[in-house]
4 protein chains.
Amino acid sequence: MVVVMSLTAEPEQIKAVQQRLEQYGYEVHFIHGVKRLVIGAVGDRKEIASLGLEAMPGVEKIVPIMKPYKLVSRESKGKHSMVRVKNVNIGGNDLTVIAGPCAVESREQLLAAARRVRRSGARVLRGGAFKPRTSPYSFQGLEEEGLKILAEASEETGLVTVTEIIDEASLELALKYVDMVQVGARNMQNFQLLRQVGRSGKPVLLKRGLSSTIEEWLMAAEYIVSEGNENVVLCERGIRTFESATRNTLDLSAVPLVKGLSHLPVIVDPSHATGMQRLVAPMARAAVAAGADGLIVEVHPDPCRALCDGPQSLTPEDFDSLMSEIRTVAAAVGRVVREAVCSV
Amino acid sequence: MVVVMSLTAEPEQIKAVQQRLEQYGYEVHFIHGVKRLVIGAVGDRKEIASLGLEAMPGVEKIVPIMKPYKLVSRESKGKHSMVRVKNVNIGGNDLTVIAGPCAVESREQLLAAARRVRRSGARVLRGGAFKPRTSPYSFQGLEEEGLKILAEASEETGLVTVTEIIDEASLELALKYVDMVQVGARNMQNFQLLRQVGRSGKPVLLKRGLSSTIEEWLMAAEYIVSEGNENVVLCERGIRTFESATRNTLDLSAVPLVKGLSHLPVIVDPSHATGMQRLVAPMARAAVAAGADGLIVEVHPDPCRALCDGPQSLTPEDFDSLMSEIRTVAAAVGRVVREAVCSV
Amino acid sequence: MVVVMSLTAEPEQIKAVQQRLEQYGYEVHFIHGVKRLVIGAVGDRKEIASLGLEAMPGVEKIVPIMKPYKLVSRESKGKHSMVRVKNVNIGGNDLTVIAGPCAVESREQLLAAARRVRRSGARVLRGGAFKPRTSPYSFQGLEEEGLKILAEASEETGLVTVTEIIDEASLELALKYVDMVQVGARNMQNFQLLRQVGRSGKPVLLKRGLSSTIEEWLMAAEYIVSEGNENVVLCERGIRTFESATRNTLDLSAVPLVKGLSHLPVIVDPSHATGMQRLVAPMARAAVAAGADGLIVEVHPDPCRALCDGPQSLTPEDFDSLMSEIRTVAAAVGRVVREAVCSV
Amino acid sequence: MVVVMSLTAEPEQIKAVQQRLEQYGYEVHFIHGVKRLVIGAVGDRKEIASLGLEAMPGVEKIVPIMKPYKLVSRESKGKHSMVRVKNVNIGGNDLTVIAGPCAVESREQLLAAARRVRRSGARVLRGGAFKPRTSPYSFQGLEEEGLKILAEASEETGLVTVTEIIDEASLELALKYVDMVQVGARNMQNFQLLRQVGRSGKPVLLKRGLSSTIEEWLMAAEYIVSEGNENVVLCERGIRTFESATRNTLDLSAVPLVKGLSHLPVIVDPSHATGMQRLVAPMARAAVAAGADGLIVEVHPDPCRALCDGPQSLTPEDFDSLMSEIRTVAAAVGRVVREAVCSV
C-alpha cells in the first residue's frame, strides 16, 4: 500500500504513521516527492482497514496496490476454472445456455417451456420459485410447489436446473430440489446468504449487483469460495446508469475484464440487462463474441400471459432462432454449443 | 395507465389489448393521435404487471399514471407522521440527532461514545453489532455481545438505541436489546427482511439503497408498512454515481422531494454519504436547512483506532461543535433540537 | 401528449390547461381516472416546450407520446441509410473499419500507420489534428500541418480520411483536407458546431456524449440533418457510469436499439470505450455480433511512444489479428468486410 | 507518480520503465512488495501523459500522486479568492445572489424581472440570449437584441449582468454588453472556448458539466486561469445520475470539497439542478448552509408563459420569500447578504 501524506504533514505525524505501520508488521519505505512525502508499506492487504491510517492526522489518502480478493483471482489458480453442474460444464470450451421462464407459474407452463428449450439446445432450465419483487403487491412465486415442478421437469427432460434463493429458508428448500442456486443482483451483498451458499457446496450462479463494481462482485464471490465452495459462476446482467432507454446497461466489457482478473467462468443475462425482447438476440450474440462462457435467457411459452417479465421473454420460436445464431457465432470464436446426450 | 400503441399496430392487435384490459376490469378510452393510437385505461395499478400488456404485439409502451405505493404516500395520510422511539420523537417540529460509532468495538469504547454524544445533545445512540462488510476478511461485529453493550449504554445514559440487522437471526436478537432497528442500504430490497421487520412492529430506520430510486425506496417502506408497522423513518445516505471524489453522492434533494410524496419522516446520514470527516459538518448543516427531520452521525472516541469507518468519524470534540452549529441552523428553519430530560 | 393533473387540481385550473391547449391548436380529451384527471392532447410535439404547461397550477406532469426527433427517425425513411464517403460505404451489408492513431504526431508515424492498417483491411484512416485535452498542459495536436499529412497519407494509400473538428475554424480547415469530419463526445451538444457541420454537407461521424441519452444523441443528429446534411454516421463510444475499472462503459445495447429507432448507420469505438488494449478485440467482435455497421479502432506503430491514448492503442500486429477475427464474426452475422480495390 | 508493475513483469521490462523515467528526468525508487514491484517516480506531473508508461509491457497501472491542476489549487494561493464583478463581490464573507429568467424573451419581461429581483435583494441579473437547446425546434434566444435588453436593465436597476456564451461569436458580442460571462454545463470541456474566455479577462461563471468529475471541472478552470484570467467563479448545477425523479442530482458535497481543493469561489444553481419549483427554496437554503458563496436562481414574472424552463422558475413572490429565508440561514453560518447601495 502507498500512503500519501498531505502537504502540511508534520514530522511527528509522519513518525506516528511509520510507527503504526511497523507495529502491524509492515516494512516502510519513504519516497520524498517534489512536494509531498509518499510512504510505501509492504505487507498484507487484509489488515489495511484495521489500521485506521486514513483517519490519522497528516494522511491525505491511502492507495492500495494489491487486489483485495485472493481465492477467486486469476493469479491464485493460473488457469480458468470449469464448474460442473451434474453432467453439464460451464467454462472451458463449452458455450452453455440456461433458459426458461422468469417464474414457475404452473406445471403446464414450466413443462412446456422445459421441453421447448431443451429441443432448441439449452442444457440448464431456469425458473423462479421465490421472486424478489419491487412491489409487495406483485406475484411472489410458488415457493416449494415451484421447486417440485422444477424437479419434475428436470426428471422428464434431463435438463439440470437453477433457481434463485433469497434467504436461508429458501436455500434449504432449493438444496433438496435443484442442481444450482442463483444469488440474485439484489442479494449480491447479502453476506450472510453468501456464506450459507458457500457452506452448502452447491454450484452457484452469482449475479452482479445493479450498482456493484467489478471488485465488489469478485469480493462477493470471495465470500462464497472462502467458505470452501469453488463452484461459482459469475453472471453479468446489466448495471444501473443514467440511460433509461434500456432497463439496465449491459456492461459487456466486464466479460473479458473479469476473465483477466479471475479464474471463474462468466455468463451473461441479456434478458434482464435490456428488458426488451428485440434486444435479447443481438446482445446474446455479442456476449458470445466477447468471450462469455454461457448465457441465461428468459423463454416463456406465452410471454403476453407471463406473470413476470413478459416484455423481455422470448417465445420458444424466437429462442430456437437465437440458438442457431448462437451456434454460428460460437463457432466463429472457437466455442462449441454441446448437444445434450439424448436420454428422453 | 396509458398504453401507447406502435405506429404499425393493426386493428386486431388493438382489439386484443382492449379485450385484455376489459377482462381485468379496466375502463378503456381511445385517443387517436396524429400518428399513434393511445389507450387510456382506468383501474387499479396493482394489476398492471400481471396484465402482460407490454409483451402484446402492437404495444409500444405502457405509461403508469398512478404511483405504485399507497400506504406510505402523502395522500394516504394528508399530514406528516411522527415516529416515536420510547421518549424520543422523529418528525414533527423536532430535529433529532442519532450519533455513535460505526461498530460497537468494546464496552469502554461504546460507553465513552455514549456519554459524550449524550452530553453534546444526541438523543439516540447508534452502534453496529452485525456489520455487513465488503470483504470476508474485515471485522464483522461483536454480535449479541455488542447488543448487550448497547443495552447497558442505554441504561446508563438514558439514550434510546438503534442497530443494524442483517437477517432474521440478527433481527430476533436486536428486538430483545435495542429500541429501533436499521435496515441498511445493501438490504433495502431484501424483501423477506422488510416483511419480518414489518411484522415486528419495532421502529425502523430504512436506509436508501446505493442505487435505489426514490420510488423503489418508498416501495421498500411500503413492504414494511403493509405488514402493519407504521414506525418507519427514511434515511438518505448517498447514492452511487460516477463521481468518486466522495464515497457516495449525497442526494439532498431527496429530502424535500420525499416529504412531498410521503408522510414518513426523513433523516440524513452525512457520514456514510461523504466518507470524509471534513465534509460531515457542512453536509449536516445543509441537511437541516433542506428540511430533514434528523441526522445520523458517526462519532468515535478515537477515530484513528476505529475498526470501521474511521476516516468519516467525528471526534467527540468535533461532534460537540457540530451540534452547536446544528442548533443555530435548525433555529433558522424553525426547528428545535430538544434537550434530553436529564435523568442521569 | 398526456397531461396528468394533480389530485388536488381545481376546476378552474383544469379549465386553464384546456384553454392553453386549445389555443395552441391541440385537440383535448379528458380521461377521468380512479383518482386523477388525465388530459390527452393531440397535436404537434414541437410546440410542447413553449406551452409552459408544467408550470401551470394543478399540473402534476407531462408525458410526451411522440418522439422529439423526426428526420432521423426510422419511421421517416422506412429503411436504413447508407452513408457514402467517396468510394467507401458505411451501412448496408458492409462492415467498415476505420483505423489509425489517436493523434497525427508526424509524417512518418501517420504514413506508417496508414500503410499498415490499409494492408490489414481498414478502409478509412483516422488521425487527430485538433485534440480536445482535459489538461491545458497536454499535447494539443499539429493542427493544419496534421491535416496535410492526412491528405498525403490518403493520396498514397487510397484510404479515405476522418478527423475530429472542435470549432468553426478547425471545421473550415478540415473541409479542405479530409473526407469526413468527426464531432467528438465532448461536442455532441455543441449546437452551433452541429449546425455548421450540417451546412457543410460533409459526411459526419457523430460520437455519443459521455452522459448523453440515446434520445439526446438522436436529437444532436437531428440538428445536423435539419440543416440538409443526411450523411451522418452515429458512433457509440462508451458512457460514464459508476464503474471505473474501464475508462467508460461501452453501451453496446445502444446499437440494436438505435437501429430500431433511426435509419442512420451506427458504428462502435471499442478503444475509447474501454481504454485498455486487451479489451479492444473482444469488444470489437461483440460490436460486430450486435449488428454494428462498422468500427473505429486506434492503431499506433509504437503505442508506448504515443503522445495520446497509448494504453488503448493496438500495435499493427494486433490490429491485423483483430481484422481476421472480425472477418469471421462478420461472416457469422451476414456481413462483409469489403476489400479495397487495389490502386496502389 | 507510482508505477505498479504486473506480477509477471520481467527484469528487462522493469529496466525499460526505469530508463524511460530517468530519460524524462524522474528520480526512481524501487519498492519490492510481497508479490509486486512498485516504482516510485519523483518529478513533474505535467509530463505523465507523454511518457506512454501505461502502454509499456509489464506495467499494470500508473497511480498519479500530485493533483493535475496547479493555478486553481488551494495550495497555490493559500487563501480563498474573491471575484469582483464591478461593485459586486463573489466570495469572502458575502453571500451573493444571481437571479433572473432563463431566457431574455422581451424588453418588458426582462425589465419586470430585473426590478423585482433587485427589490428582493439580488445583486446580479441573469438572462440568456444564446440558448443551447436539446432540440433544433426549440426557442434559441434573442441573441444581440437580448444582450441590449440586458444592458438596458443593468443601466436602469444598477444590477450587474451575466449571460451564457456558446462560441467565439457570442463571446465577442457579450463582452460588449454584459459584466460576466457564463460557460454552460455543455461547454465545460469546450477547450477552445475556455481559452478565449481566459484571454478576455472578463469574470466567468463556469458551470460544472453534467457528467464531469470535480477534477475535470477544476481542470476546465485551469484552462481559463492559465490564459491569465483569475476571475473564475465555479457553479455546481447538478450531475447526471440514475435518479430521474429530479432533473439532475445536486451534488452539494462538491461545495465544501472544492473549497478545500481550490481557492476559487463556488456558487450553486438549485433551479437547473432540481428542475422543480418546489425544490428550489429548500436546496437554496441547503447550499448556503453547506458554505456556498452564492446562488443563481431562475425567476420569471410569469413562469407559465416562460419560453424556457418554466417548471423550475420561481415567481417574484416566491423569490422574495426565498431571499428572506436565505438571509436567516446565511446569518446562521456567518454570512451576509449585502444590500445594493441604492442608486435608483
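Predicted model: local features only at pLDDT ≥ 70, side-chain atom pairs only at ≥ 80, totals over all residues.
Reader: Happy to start with the interface. How many residues of chain D are in contact with chain C?

Author: In this model, 44 residues of chain D are in contact with 44 residues of chain C. Together the two chains bury about 3900 Å², and 51% of that is on carbon and sulfur atoms.

Reader: How many salt bridges are there between chain D and chain C?

Author: The count is two. In one salt bridge, the side chains of Glu216(C) and Arg240(D) meet at 2.7 Å, N to O.

Reader: Which element gives the largest share of the side of chain D that touches chain C?

Author: That is α8(D), with four residues. By class, this side of chain D has 19 nonpolar, 14 polar and eleven charged residues.

Reader: Now the rings, please. How many aromatic pairs are found over all chains?

Author: A search of the whole structure finds four.

Reader: Why is the pair of Phe191(C) and Tyr223(C) called stacked?

Author: Planes under 30 degrees apart count as stacked. The planes of Phe191(C) and Tyr223(C) are at 25°, with ring centres 4.7 Å apart, so this pair is stacked. Phe191(C) lies in helix α7 of chain C and Tyr223(C) in helix α8, so the pair ties together parts 32 residues apart in sequence.

How values were computed: Residues numbered from 1 in each chain as written. Chains lettered and ligands numbered in written order. Heavy atoms only, no water. Contact = heavy atoms within 4.5 Å. Buried area = accessible area lost by both parts, 1.4 Å probe. Salt bridge = Lys/Arg side-chain N within 4 Å of Asp/Glu carboxyl O. Helix = DSSP H or I, 4+ residues; strand = E, 2+ residues; numbered from the N terminus. Nonpolar A, V, L, I, M, F, W, Y, C, P; charged D, E, K, R; others polar. Phe/Tyr/Trp six-rings, centres within 6.5 Å; stacked < 30°, edge-to-face > 60°.
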